[in-house]
Amino acid sequence: MPDANHTGEQEREDPFGGPPMDAPWLGLESGNPGTALASEASSAAAGPKAEIDLLKGLNPGQAEACLHDRGPLLILAGPGSGKTRVITRRIAHLICERGVQPWEVLAITFTNKAAKEMRERVEAMLPGISGLWVSTFHSMCARILRREIEALEGYTRDFSIYDTSDRNALLKKLIKELNYDIQQFRPVVLGGWISNIKNGMAAEPGEFSLEVGEGMEDEVFRKVWKRYEQAMRDNNALDFDDLLVKTLELFDQHPGIRDAYSRRFRYVMVDEYQDTNRVQYLLTRHLSGHHENLAVCGDPDQSIYRWRGADVRNILDFEADHASSKTVRLEQNYRSTATILKVASAVIGNNQERKQMDLFTEGEEGDPVVVLECADENEEATEIAAQCLGLKAQGRSYSDCAVFYRMNFMQRALEAGLRRAGVPYQVVAGLEFYARREIRDLIAYLRLIVNPADDVAFGRVVNAPLRGVGATSVERLTAWAADRRVPLSQACRSEEALAGIRGRGKKGLALFGGVLDGLEAARGASAADALAMVLEEIDVGRWIAEMDDGNNLVDREANVDELCASAEEFDRNHPSAGLAGFLENVALVSDSDAAAADGESVKLMTLHACKGLEFPAVFITGLEEELLPHARALEEDPDGGEEEERRLFYVGMTRAKERLTLTHATVRNYFGSERWQGGSRFLDELPADFVEGLDEDGADSDSTDGLGAYEPAEGSIELQVGDRVEHDHFGVGRIENVRGAGINGRATVAFIHSGTKELLLAYANLKKVN
């Protein structure tokens with residue numbers, strides 16, 4: 001947000017350009033917030049000349065949306081349909097051809113990056129333009145409140161903005177002041193409840209739903225929430241939800257102020273409208289209420305944020321809300337092949353809550369979508385790595401490839417498979433698996449078992465979970481240990497050392513010493529057994545709960561289970577290596593080995609993180625029941641949950657430009673145990689005519705018992721056991737096994753210098769060597 005953290009009084013001159021915000025025509029001078037804007041006729045003359053022909057290169061649908069200049073407009077924009085171009089060209093057209101002043105246009109989107117790109121595109125077409133409002137909802141509201149919040153009793157313009165960490169710290173203080181148990185009533189949970197209620201407003205503006213029941217937890221919640229709201233007011237502070245809620249409150253309680261902004265903004269545009277929640281919906285109605293020139297752009301089929309309050313009904317009901325609205329469909333796709341579009345459209349067509357869209361492209365038909373059944377998550381990762389190597393051998397860049405997954409725990413096996421194959425990768429919008437907080441904590445515990453002198457590991461986990469050990473206590477213990485040249489793990493078990501420390505710190509260090517005593521027996525254990533002992537000693541439930549920010553508790557639990565599965569796998573493959581060997585293996589997994597953020601690398605990310613991106617080759621992993629669709633989504637809302645999961649799958653598929661590969665495993669390590677996985681119901685919705693790897697009934701052509709006899713794909717070389725072959729990356733080797741038919745054909749090759757590899761023949765580009 002450009003100005004969200006500004007804490008001094010904002011100048012009355014609009015910092016974004018245009019006339020001063022106190023200009024009489026705006027009606028914001030003190031004591032007269034409702035003065036009407038000057039007549040529209042005063043700005044009817046043509047504006048500045050654009051640097052380009054604003055309609056050049058637009059298809060008929062895009063041009064129709066761009067030229068619309070009166071009344072509500074719904075732009076249904078399919079994936080890859082050029083919606084940002086339409087929005088920016090429309091802004092330029094209004095300013096250049098319809099005489100609209102820049103400060104009379106409000107454009108709202110959901111990320112600072114998108115707002116910056118939109119603003120830069122308009123400025124490139126209209127050099128020197130100023131006063132245009134292009135921002136996120138939160139940034140816009142912060143900007144309005146910096147000017148107007150004093151109309152709400154108890155706040156001044158120099159209010160602070162609290163992030164989630166600040167909010168949780170305040171809640172922790174309040175819970176203690178009210179004499180409640182901080183472990184039973186965790187700040188992150190109470191903060192999440194407060195946020196959810198603010199984002200899920202009741203039908204009447206300004207009223208929140210308090211449907212939290214009548215039990216003890218609900219009584220605590222009500223008391224803490226009441227105290228929290230008062231403390232925020234006393235601190236002259238707003239949290240992120242308040243930025244929207246207080247602006248809505250301002251408009252509801254002071255219609256003069258609302259009307260002034262509504263008159264100012266002759267044209268209001270909202271991008272990604274399918275992602276708006278109830279508060280954002282109401283704010284949009286207020287801001288566009290005077291002129292009713294509201295244009296919203298979005299795609300109901302790409303609404304994937306219900307879990308954070310988005311309501312797809314906002315866009316689905318737009319035409320009912322605005323009876324005079326015009327609807328324009330942007331159905332021409334400039335990203336994907338015709339085949340990918342047909343497959344994606346067939347899947348999303350199974351949803352009921354949607355607007356009919358008939359996507360098409362003037363581009364190539366393209367290759368079939370590939371479905372691969374793998375034995376487990378390790379073979380899945382190996383297959384993907386092999387395909388990336390094959391594409392690289394064909395002259396493509398690793399950066400052309402992206403791998404999507406539903407849950408973060410799936411990342412570990414994918415990273416391992418890419419590392420084994422020597423394929424550089426980068427985790428986008430996330431952390432490397434071994435860089436995650438919960439994983440680093442557990443590794444630190446294991447390091448202390450193997451090496452009690454590891455003071456860095458000690459410092460990381462002495463207070464994980466929380467034991468009341470503060471910085472002062474650690475400093476005193478460190479000084480005592482340094483004088484006697486002993487490690488901290490020994491010092492914390494010394495009565496002499498603890499005698500110089502008081503209060504909770506002394507008790508916490510003694511408790512940690514007891515934990516280390518309990519872990520002495522793990523020194524000679526296997527990696528998996530040692531890890532299990534750590535989890536038992538530290539009270540894993542409480543430890544994970546303390547890290548929870550209200551959204552990722554399940555992910556952290558799944559990551560812990562995945563580390564356990566990784567330790568078990570290591571023990572099976574290296575029975576004599578022990579815990580020290582496992583730690584050595586983990587230590588060798590570093591960012592420099594795997595990630596190439598500034599260079600060529602395969603991109604790994606969750607399906608939620610891929611929205612707005614595109615790649616020539618996309619792999620979507622884990623097409624299995626309980627993963628995609630996710631079991632929790634189905635439990636919470638069987639119908640709506642399935643439709644949202646299908647939309648998520650659709651978003652992933654439509655990121656692909658040329659190649660789309662869908663994988664699933666027969667067996668997967670999931671939450672600490674091996675599970676036989678059924679293929680996702682979404683696989684049954686794929687049209688067989690455009691997919692390889694499915695039989696006529698839509699099921700996988702590979703049996704669960706194996707891939708069957710080898711049958712070369714049409715036009716490829718025939719291989720047999722014993723053939724000498726050459727690979728562009730691995731060099732010369734000999735075929736040890738071949739199996740599978742067509743697109744699923746693969747070979748096991750023993751390379752002279754690179755070891756044994758299993759390669760997918762469709763991408764390996766093997767050559768026979770005499």
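Guide: Start at C388. Its sulfur lies 4.1 Å from the closest cysteine sulfur, in C401, which is too far for a bond. A disulfide here is a pair of cysteine sulfur atoms within 2.5 Å. A search of the whole structure finds zero of them.

Two notes before going on. This is a predicted model, in which local features need pLDDT of at least 70 and side-chain atom pairs count only at pLDDT 80 or more, while totals for chains, interfaces and linings use all residues. Residues are numbered from 1 along each chain as its sequence is written, and side-chain values use heavy atoms, with hydrogens and water left out.

C388 has 0% relative accessibility, so it counts as buried. Buried means under 20% relative accessible area, exposed means over 50%, and partly exposed is in between (1.4 Å probe, protein chains only). C492, at 1% relative accessibility, also counts as buried.

Now the helices and strands. Both are DSSP runs numbered from the N terminus: helices are H or I with at least four residues, strands are E with at least two. Contact means heavy atoms within 4.5 Å.

Two strands pair if DSSP finds at least two bridges between them. Strand β18 (residues 724–727) meets β22 in the antiparallel sense over two bridges. There, E726 stands opposite K767 in β22.

Next, strand β14, residues 656–665. Seven of its ten residues are buried, so the strand is largely enclosed by the rest of the structure. Strand β9 (residues 369–374) runs parallel to β14, joined by five bridges. V370 has T661 in β14 as its bridge partner. Strand β13 (residues 615–620) also pairs with β14 in the parallel sense, over five bridges.

Turn to charges. Side chains of opposite charge can pair when their charged atoms come close. A salt bridge is a side-chain nitrogen of Lys or Arg within 4 Å of a carboxyl oxygen of Asp or Glu. By this rule the count is 49.

Take K611 and E272. Their closest N and O atoms are 3.0 Å apart, in a salt bridge. K611 sits in the loop between β12 (602–606) and β13, and E272 in the loop between β6 (267–270) and α10 (278–288), so the pair ties together parts that are 339 residues apart in sequence. Both K611 and E272 are buried.

E624 and R668 form another salt bridge, with closest N and O atoms 2.6 Å apart. E624 lies in the loop between β13 and α27 (631–636) and R668 in strand β15 (residues 667–670), so parts 44 residues apart in sequence are tied together. E624 and R668 are buried as well.

Then R681 and E642, whose closest N and O atoms are 2.8 Å apart in a salt bridge. R681 is in the loop between β16 (673–676) and β17 (691–692) and E642 in helix α28 (residues 638–653), so this pair links parts 39 residues apart in sequence. At 27% relative accessibility, R681 counts as partly exposed. Salt bridges with shared partners also join K83, D271, E272, D275 and K611 into one network.

Finish in helix α28 with E645. At 3% relative accessibility, E645 counts as buried. Leaving out residues up to four places away in sequence, E645 touches R406, L627, L628, P629, H630, A633 and F682. R406 is 239 residues from E645 along the chain, yet their C-alpha atoms are separated by 9.6 Å. The backbone nitrogen of H630 lies 2.8 Å from a polar atom of the E645 side chain.

Terms used
A polar contact is a pair of N or O atoms within 3.5 Å; within protein, one must be able to donate a hydrogen and the other to accept it, and residues adjacent in sequence count only if both atoms are side-chain atoms.
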